[in-house]
Amino acid sequence: MLSTLAPRSRRGRVAGLLAGAVASAVLLPFALAAPASTLAPAGSTAAAACAGTAWTSAATYTGGAEVTHGGHNWRAKWWTQGETPGTTGEWGVWQDLGACGGTTTPPTTPPTTTPPTTPPTTNPPTTGPGGKKVIGYFTNWGTYARNFHAKNLDTNGSASKLTHILYAFGNVQNGRCTIGDSYADYEKAYTADQSVDGVADTWDQDLRGNFNQLRKLKAKYPHLKVIWSFGGWTWSGGFTQAAQDPAAFASSCHDLVEDPRWADVFDGIDIDWEYPNACGLTCDSSGNQAFPRLMQALRGEFGSDLVTAAITADGTSGGKIEAGGYDAAAQYVDWYMPMTYDYFGAFAAQGPTAPHSPLSSYPGIPTNGFDSSTAIAKLKQLGIPSSKLLLGIGFYGRGWTGVTQDAPGGSATGPAPGTYEQGIEDYKVLKNTCPATGTVGGTAYAKCGNQWWSYDTPATIGTKMAYANDQGLAGAFFWELSGDTSNGELITAVSNGLN
């Protein structure tokens with residue numbers, strides 16, 4: 001029974017790391033409490049026992065790990081390696097828990113660790129954004145043609161505005177969670193100029209690739225959470241088999257996400273099933289209880305860690321929202337991300353032209369119910385609270401070619417050319433090559449030559465964030481981070497609009 005599954009939470013993860021991977025790297029024994037005969041003389045105050053493992057520069061420590069060093073107990077605030085307790089200052093990684101193993105009187109000889117002659121390289125913790133969630137997808141394939149890496153989130157200012165990163169995607173095969181791209185995920189060796197902290201990967205280190213870079217990004221921005229997303233449009237076909245044995249699926253996902261090599265990188269799991277009991281690239285007929293059972297099993301495995309889902313935003317009557325069982329599954333998720341984009345595009349090659357991410361309906365919209373506000377209203381009508389819903393934004397546009405009409409509703413001859421895929425282009429490109437010429441349904445469109453594009457701008461994002469706040473939504477999420485400008489125009493509009 002699912003109700004008998006013992007949740008395996010982050011506390012269990014930390015304990016496992018200390019007992020396993022971290023402990024195996026520590027070369028020194030546990031520091032023992034002093035026997036009674038060696039305690040401080042009468043009149044002095046006894047210090048706490050040195051209960052942690054002895055610190056060593058070779059070990060890796062995750063947030064919450066406790067060590068002993070220099071006669072003090074210390075607690076790590078986030079992931080660290082090689083940073084000596086007592087040298088990183090109040091803003092550094094190590095929190096001083098006080099003296100241990102003797103009196104509070106300072107030792108007559110200085111600690112054996114010599115303070116550094118230069119200031120520590122660890123930056124003060126960066127203050128995170130306000131109370132609303134700002135969540136962006138980071139794709140593993142961005143490491144290839146896009147040449148987009150975790151470091152870009154630091155240099156373009158996104159990391160300080162994000163609250164969560166969705167790492168896309170893990171695969172779903174044979175009823176199990178599996179690695180999506182091992183090279184991009186954890187094998188690629190990063191050079192110093194590509195690395196978040198300017199340190200190149202070595203041939204013999206345990207973890208490389210995006211996972212290690214995200215670890216470094218979290219160390220620099222301790223407020224950041226990273227969620228591993230599984231499925232997506234291409235890999236959703238595996239969920240049908242997974243739904244046949246939800247407990248086995250959830251267990252496999254937990255084992256993968258919590259692999260000791262990268263357990264500290266991830267703060268939970270996201271399910272992007274397109275779509276339960278409906279059709280996407282493939283069709284599923286598992287029934288409207290399949291998704292709730294799957295999410296219940298995942299909650300049982302992941303305990304207090306994050307469990308989220310990207311879901312349909314089909315607001316049509318009797319459409320995918322009603323079919324999916326999202327109302328019954330809502331109790332098991334931290335939040336839902338209805339994908340309020342890709343409503344229209346050059347997958348209908350001859351048009352009519354229409355904005356792919358309208359906030360609201362408008363006269364002449366090709367399909368009633370294909371807009372963000374209708375989808376949000378339908379989800380709320382099912383009893384899903386606003387506090388568990390986010391608004392989706394596309395950091396890209398969809399477009400047609402062979403268009404003569406400026407306004408929406410024109411005919412076309414096919415998809416417009418795109419850098420990586422026909423009919424799709426990043427905002428950072430479109431803002432220069434085909435600037436917006438009008439707005440409809442709360443989003444922008446652009447007519448340039450015989451091309452017609454729709455996409456969101458900082459101004460239309462401001463309108464959408466005002467809507468999200470008015471509706472009491474938990475925040476916003478977007479696909480995907482590499483589509484923004486080098487100075488983060490769109491994420492700035494999201495963050496400022498929400499907060």
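**Disulfide check**

Author: The link of Cys 177 and Cys 253 is right-handed, with 70° about the S-S bond. This is a predicted model, where local features need pLDDT of at least 70, side-chain atom pairs count only at pLDDT 80 or more, and totals for chains, interfaces and linings use all residues. Residues are numbered from 1 along each chain as its sequence is written, and side-chain values use heavy atoms, leaving out hydrogens and water.

Reader: Where do Cys 177 and Cys 253 sit in the chain?
Author: Cys 177 is in strand β9 (residues 176-178) and Cys 253 in helix α8 (residues 246-257), 76 residues apart. Helices (H or I, at least four residues) and strands (E, at least two) are DSSP runs, numbered from the N terminus.

Reader: Is Cys 253 buried or exposed?
Author: Buried, at 0% relative accessibility. Buried means under 20% relative accessible area, exposed over 50%, partly exposed in between (1.4 Å probe, protein chains only). Cys 177 is buried as well, at 7%.

Reader: OK, how many disulfides turn up in the whole structure?
Author: Three, a disulfide being a pair of cysteine sulfur atoms within 2.5 Å. Among them is Cys 279 with Cys 283, sulfurs 1.8 Å apart. Cys 279 is partly exposed at 39%, and Cys 283 is exposed at 53%.

Reader: And what does Cys 434 pair with?
Author: Cys 448, with S to S 1.9 Å. The torsion about that S-S bond is about -110°, so this disulfide is left-handed. Cys 434 is buried at 1%, while Cys 448 is partly exposed at 21%.
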